[in-house]
Amino acid sequence: MKMAALCSEFGDLVQIKKQLISVISLSKERGLLHSSKWASELAFALDRLPKDELPPSHPFTEEDAQDLDALTLAKSYFDLKEYDRAAYFLKGCCSQKAYFLYMYSRYLSGEKKKDDETVDSLGPLEKGQVRNEALRELRVELSKKHNAGELDGFTLYLYGVVLRKLDLLKEAVEVFVAAIHVLPLHWGAWLELSNLVTNIEMLKSLSLPDCWIKDFFMAHMYTELQMIKEALQKYQNLIEAGFSKSTYIISQIAVAYHNIRDIDQALALFNELREQDPYRIDNMDTFSNLLYVKSMKPELSYLAHNLVEIDKYRVETCCVIGNYYSLRSQHEKAALYFQRALKLNPRCLGAWTLMGHEYMEMKNTSAAIQAYRHAIEVNKRDYRAWYGLGQTYEILKMPFYCLYYYRKAHQLRPNDSRMLVALGESYEKLTQQLEAKKCYWRAYSVGDVEKMALLKLAKLHEQLNESDDAAQCYMLYIQDIFSCGEQLEHAEVSTALRYLGQYYFKNKLYDEASLCAQRCCDYNDAREEGKALLRQISQVRDQIETPSADLFAPLSNNNTPVRRVSPLNLISFTP
């Protein structure tokens, strides 16, 4: 979307603030606390309104007046989570507000009983058949009202939630879209819809209302669909349009950078977020993932202690503590905290995935598989769970299964080199060398984060006796490793130098072979071979002198696309 068009939509920030204040009030009255919180955070980021600009309270109908006493009493019970009691006193009320709270109380009562039963009767990984018993009745009643056109925006949203819980996903999408058209400012409906959108084609096919909140939804969807460049552009546009103080946008941008593994940028944003909102717990589990990846033990310890002081029984707090113990290699303790997180919220995606990782560390593959499968049930777009399943089946030496799960992960993250390298390894095990070569080359082309693709490609060419291509890949690998500026732990520069030394020697390119042999002497595991090669070169050097001008002439015509490079100047690199 062009900036000019966006500004016209966001031109009247005063009007937007009034709309947000209005929807905050409506959401609170109906117990929709998360939607109310989201709108409140957004409203807080905008300039405050003078007293005479504040929006008037909502009109009070005759039906509202009749139900006032029952609604006030029921809402007090609802706020104390006495859902059955709230529903009992609302039965027979006829106002839209009371009807929503009546149905919502019945829905939440069923959810609470389901969660209690799940926690009490099942282990953390057992596949439970516990269902919300109220769902079918609610669907029947709401369906009748829907067909009669008697549902308002909030009740349409609830109907959509019921349909989603019953796995009637196509109908749920239609109902959520209808709810958004009736009440565009209710963020809860947009969020529920986002959980059902599986790909960009589906997103484009949705008929959405042309409202300013749509831009927040699209930015959120781009992040979910791993279209990070588009997401960041959307959020930047929203900042420029007047939401520069929004902590929600800062957190979303941080999550987007986390998703593309731009760790330093993400950490900087999370630290900024902590300064602005020091008691915030939302997204802190993602922050802890970043600290874990960077092995920042003191910072992760401080974050865990800080969150325990704020609220030790929040899902995010349990995940942060779990990450802390995982970083200390105390995997049993880590798994225990992820289990605690799942008792608090069985649909916590991050906890299922992280618990899968811990079971992998403990070599408990069956438990890891179950954890990853639960994560996929919560969100089919979680590439980490698909990738985790691939790794688990790799340990079990089941390459066909690996291939299936790595493909799923690759579909979700097409430009993630880790997925491509894993795919290549699976194809290699299944002796599909051509496919393996394509995967490794593609991994290198998109930016190989772990610097493994070229090495694996070179070794594959070596196994297939494609010496020219193997040499070319080893040369590119050496250049890639040294261009990083830092030595990677797994780097096999000595392996590449050994091969190149022998390759040049066989091709009678003794100057280059000598250079490689000298460089081999810098590595303990290749020193003796380097010295032996230097002796061989000195023996034949007096007899034959071969120019090296055609050193990098086009190599064998193979299926792997090979980038032609200038001769490798090994002297310029310092191991």
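Contact, in what follows, means heavy atoms within 4.5 Å. Hi everyone, a quick word on the model: it is predicted, so local features need pLDDT of at least 70 and side-chain atom pairs count only at pLDDT 80 or more, while totals for chains, interfaces and linings use all residues. Residues are numbered from 1 along each chain as its sequence is written, and side-chain values use heavy atoms, with hydrogens and water left out.

Let's start with two helices, α19 (residues 331-344) and α20 (residues 349-361); helices here are DSSP runs of H or I, at least four residues, numbered from the N terminus. They pack at an angle of about 155°, and their axes are 9 Å apart. The axes are lines fitted to C-alpha atoms over the stretch in contact, with angles from 0 to 180 degrees between N-to-C directions. So α19 and α20 are roughly antiparallel, the word for angles over 145 degrees.

Who touches whom? On the α19 side we have H331, A334, A335, F338, Q339, A341 and L342, and they meet A351, W352, L354, M355, E358, Y359 and E361 of α20. That contact divides into 10 nonpolar, 2 polar and 2 charged residues.

Now, the cysteines. How many disulfides does a search of the whole structure find? The search gives 0, taking a disulfide as a pair of cysteine sulfur atoms within 2.5 Å. For C318, the nearest cysteine sulfur belongs to C319 and is 7.0 Å away. C318 is also buried (under 20% relative accessible area), at 1%. For C520, the nearest cysteine sulfur is that of C516, 6.8 Å away, and C520 is buried too, at 3%. Thanks, everyone!

Terms used
Parallel < 35°, antiparallel > 145°, perpendicular 65-115°, else oblique. Nonpolar A, V, L, I, M, F, W, Y, C, P; charged D, E, K, R; others polar. Buried < 20%, exposed > 50% of the residue type's maximum accessible area, 1.4 Å probe, protein only.
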